[in-house]
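Here are a few exercises to work through with the structure open beside you. Try each task yourself before reading the solution below it.

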Amino acid sequence: MSAHMKADTTSGNRGLAIEQLLIFEQDTKGATGVDLPDVPKVRERLGGMKNAAPIGLPGMSEPEVVRHYTRLSQRNYSIDTGFYPLGSCTMKHNPRLNEKMARLPGFAEIHPFQPLSTVQGALELIDTTARWLKELTGMAAVAMSPAAGAHGELCGLMCIRAAHEAAGNGARKIVLVPESAHGTNPATAALCGYTVEAVPATADGHVDLDALKLKLGPHIAAVMITNPNTCGLFEKDAIAIAEAVHGVGAYFYMDGANYNAIVGRLKIADLGVDAMHINLHKTFSTPHGGGGPGAGPTVLSAKLAPFAPVPQVIKVGEKFDALEHAQSPRAPTAFGRMKGYHGQFGVFVRALAYMMAMGGDGLRQASGDAVLNANYVMARLSKDLTPAFAGPCMHECVFDDGFLKGTGVSTLDFAKALIDEGFHPPTMYFPLVVHGALLIEPTETESKASLDQFITTVLALAAKAKTGTAADDFHAAPLFTPRRRLDETKAARKPILRWKPVAPDRDGNGASASRQAAE
Amino acid sequence: MRYLPLSEPNRRDMLAAIGVGKIEDLFRDLPAGPLASARFDLPKSASEIEVERALSAMAARNLDCTKAPAFLGAGNYRHHTPASLDYLIQRGEFLTAYTPYQPEISQGTLQAIFEFQSQVALITGMEVANASMYDGATACAEAVAMAARVTKRSAAIMSGQVHPHYRDVTTTAMKFLDVDVECLAPDPYEIEDLIGRVHSELACVVVQTPGFFGRLKDYSTLADVCHEAGVLLVVCVTEPVALGLITPPGHQGADIVVGEGQSLAGPMSFGGPGVGLFATREKFLRQMPGRLAGETTDEEGRRGWVLTLSTREQHIRREKATSNICTNSGLIALAFTIHMTLLGEAGFTKLATLNHARAVQLAERLERVPGVRLLPSSFFNEFTIELPKPAMGVVEDLAKRGILGGVPVSRFYPSYPELADLLMVAATETNTEADMDALATALKEVL
């Protein structure tokens, strides 16, 4: 196959890989895919705010729209269609039962401001989900409303800041974050008005406890540590870290992005954790949806629980109630509100369906299989690739680009070659502390056959790279995708972020800026 | 367990390949004490039938809006969504993909985001829009933070016609950022003077259209006054269907438009997940939060899409990022886009016209109920009425009659006794004239 293969069909389509114009380029004026009832004649009461100008939306019929989005979907990789070992993202199977449950009218067709007497089942669902999370973590309370992991981090840090201020410790303004942390950690600390200081890692991929202790003092508000960490390792010193952090009156925030590795194994409360968010869209199987919606409930220690944001569901006798106002008589110390309404309710339904399906025993087996799968991949690849750290790893393993040294093939090239082989690449160049990192998280929902196929492919690609003569092939990858490598520099230098109509040319042909760029 | 593919022989083979005896050996870095002491008081795994039975029973303990005439709004609206919409968003290639980090195998999601950004920009009358935020309230908070960055000022005013949750979420988010957010008193009687409050120390003024209590207002003059003082005008939209009928905020001088897309994207689902809309002027692009899809070409010169301008974002800029947002609301944004595409210009404007007509029909019926007074001078599909007694009890009485009659203002403002008699009532294309008659009749009975 030539590295410069061109589309050689008249249509530009290649069999099942079908080109699809933008909706704006398929416009039929006046067409619609939705027939609505007739509009009754009434006296308008719009106060003079009626819009006179056209909006500019394209018109399409239902069959055209269904085909358009079906074709777009076919230009995506997904868990349903293949192995997706994207490190630190926990791309596990998304059971369809979850979807079915979230669509029950009793959950989908309820309004957030119905009288609470008419939504007792919904409050019960939130309370039940919360009870599972508290039992799994051993923590005193959980703030259910954060919408995603980063939002949960902010919730935890805001509780911490509120607790410090309530205790007269408002002068603490520094949060310690390891170098290996995900970018959301320092970004979150900054949103909470904190200054971030980095903690170095040891050569074996852990937080450097001695360096951390040197940085601790009465000016430190909190320490944020991802555990298992982004190097795929459990922080062996977690309890010692918690003790040292508490010793100076600071709080221990544990980033739960990698909670899937330890769920059902131990209770994080026993590590001395004060707050941790849980990504329901990772550990508890709710779909990632092309980038959300997720949910990031944040479990809290007894010391932080009083500062949890509203809304909160409580049970009074046999009735469920909701606390909806911070700093009100029933939630006097709640630090505020993070999100509209009752949080990501539809995500809670899916997560609870998963937890009930798995049970305590299934969740324990899930973390066991997730860690087993990662260690199996690591063991099988370690001879030919260069593992960044010694095993055993937790639910993900990381390799540096040492095995590619002198081959002319980069981590990026290697990842793109994996795409041609039918795999979603691992997370690349993260964690930053590992040179040219490839972070592989298989999850527990991959079969051994699936892992073996991946391993065989990676080994073959590594061998090919090491011949030293295949760099051009790697640079050319991917070849078999709807698009070859895309010019990201061009996208950023002169951003085109939306479709814009352009004036018709002298032949009267309208065309979009977008379309022209394609021609 | 049906979600776990490994068999016992698989596990044995894999453990042998690793060189350990049992799975527990792989957890040797975990502290022994907590590992040994952990006891989980949780049910055992369950079959699909059992899970369905338990959750269906819980769902049945709610009075859902398919079973009762419902007139609830306040930022969350029940609309009909076409059957093809829910089918399309459940396609696994959309549902089970993640953020399009590898553009060559994510062109579907990326093109859909590009179309979403284009549609949001068009309906808000703005120049650029991002790939979505968590919800309208968090988008509003991000807008105020962005205004503070753009203007390098640290004070904001939020109108009493802005959704109280947007006010609470914004106030909370700004709490530790040294941005002073002043929330004006709730304004159902339309007495607020915003123009008189604009001054040159402000980063932004935040308003809402249609207003929380229903009113439609032209913000052009306010925008001019703001701009003269170097202040940004942020406009919230909690019911985007309105944008099919009313002058878009961008044409009234808005600098940032934020909103909630739920009403066009799918079910209310007790208020979440929704999708935050965020649009602004091109000149503020580099200060904008959130992900962006942009157009480019591939090695063969073919048009394609990538995530772009990520130097604003946390994974590059860390503590200097414009926001900490990472995962946003991709699938709900997709649902929003698909519905907008199905509607098209003709369908979107007709849907909006129908909603307004239904609300007028409802207003005419309720105005005839003795003791009821309609407050807003204008409205789209929702308005506030004043009752002769506290609205909280009235909605409970209506619920007993099988009608979800509206949202009492006191649900949001319990510490304002003077607002206790106010009820917010919404009508959409899902409400029939028979529903409206039922509400009017029941209201007469309970007042």
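**Exercise 1.** Find the residue just after helix 6 of chain A that takes a positive phi, then work out how the helix itself is placed.

*Solution.* Step 1: this is a predicted model, so everything here is read from computed coordinates. Step 2: go to the end of helix 6 of chain A; just after it, A:Gly193 has a positive phi of about 80°. Step 3: now check the helix, residues 184-191, for burial. A residue counts as buried when 20 or more other C-beta atoms lie within 10 Å of its own. Eight of the eight residues pass, so helix 6 of chain A is largely enclosed by the rest of the structure. Among them are A:Thr184, A:Pro186 and A:Leu191. Step 4: look for what does the covering. In chain A it includes helix 5 (149-166), strand 2 (174-178), strand 3 (195-199), strand 4 (220-226) and strand 5 (251-255), and the cover also includes helix 11 (314-317) of chain B.

**Exercise 2.** Decide which residues of helix 9 of chain B are buried, and where they sit around the helix axis.

*Solution.* Step 1: in this helix, residues 220-228, the buried ones are B:Leu222, B:Ala223 and B:Cys226. Step 2: look down the axis of helix 9 of chain B; these buried residues fall within an arc of 100°, so they line one face of the helix. Step 3: recall a rule that helps here. An α-helix has 3.6 residues a turn, so residues three or four places apart point the same way. Step 4: see what that face meets. The buried residues of helix 9 of chain B pack against strand 4 (204-208) and strand 5 (232-237) of chain B. Step 5: look at both ends of the neighbourhood. The loop between strand 4 and helix 9 of chain B holds B:Pro210, which is joined to B:Thr209 by a cis peptide bond with omega about -15°. Just after the helix, B:Gly230 has a positive phi of about 70°.

**Exercise 3.** Trace the open sheet of four strands in chain A and find its edges.

*Solution.* Step 1: read the strand order, which is 10-11-13-12, with antiparallel pairing. Step 2: strand 10 (386-387) and strand 12 (427-428) of chain A each have a single partner strand, so one side of each is left without a neighbour in the sheet. Step 3: take the pairing of strand 12 with strand 13 (residues 438-440) of chain A; two bridges join these antiparallel strands. A:Thr427 stands opposite A:Leu439 of strand 13 of chain A. Helix 9 (residues 345-381) of chain A touches strand 10, strand 11 (397-400) and strand 13 of chain A, and its direction makes about 30° with that of strand 11 of chain A.

**Exercise 4.** Is A:Phe284 buried or exposed, and which residues does A:Phe284 contact beyond its neighbours within four places in sequence?

*Solution.* Step 1: locate A:Phe284 in the loop between strand 6 (275-277) and strand 7 (298-300) of chain A. Step 2: count the other C-beta atoms within 10 Å; there are 30, so A:Phe284 is buried. Step 4: compare sequence and space. A:Phe284 and A:Met355 are 71 residues apart along the chain, while their C-alpha atoms are separated by 6.9 Å.

**Exercise 5.** Look at A:Ser88 and B:Leu309, which have a positive phi although neither is a glycine, and state how buried each one is.

*Solution.* Step 1: A:Ser88 has a phi of about 70° and belongs to the loop between helix 1 (62-73) and helix 2 (96-102) of chain A. Its 24 C-beta neighbours inside 10 Å make A:Ser88 buried. Step 2: B:Leu309 has a phi of about 55° and lies in the loop between strand 9 (303-307) and helix 11 of chain B. With 18 C-beta neighbours inside 10 Å, B:Leu309 counts as partly exposed.

Methods: Residues are numbered from 1 along each chain as its sequence is written. Chains are lettered from A and ligands numbered from 1 in the order in which they are written. This is a predicted model: local features need pLDDT of at least 70, side-chain atom pairs count only at pLDDT 80 or more; totals for chains, interfaces and linings use all residues. A residue is buried if 20 or more other C-beta atoms lie within 10 Å of its own, exposed if 12 or fewer, and partly exposed in between; C-beta atoms are placed from the backbone. The arc is that of the directions from the helix axis to the C-beta atoms. Two residues are in contact if their C-beta atoms, placed from the backbone, lie within 7 Å. Two strands pair if DSSP finds at least two bridges between them. Axes are lines fitted to C-alpha atoms, for helices over the stretch in contact, and angles run from 0 to 180 degrees between N-to-C directions.
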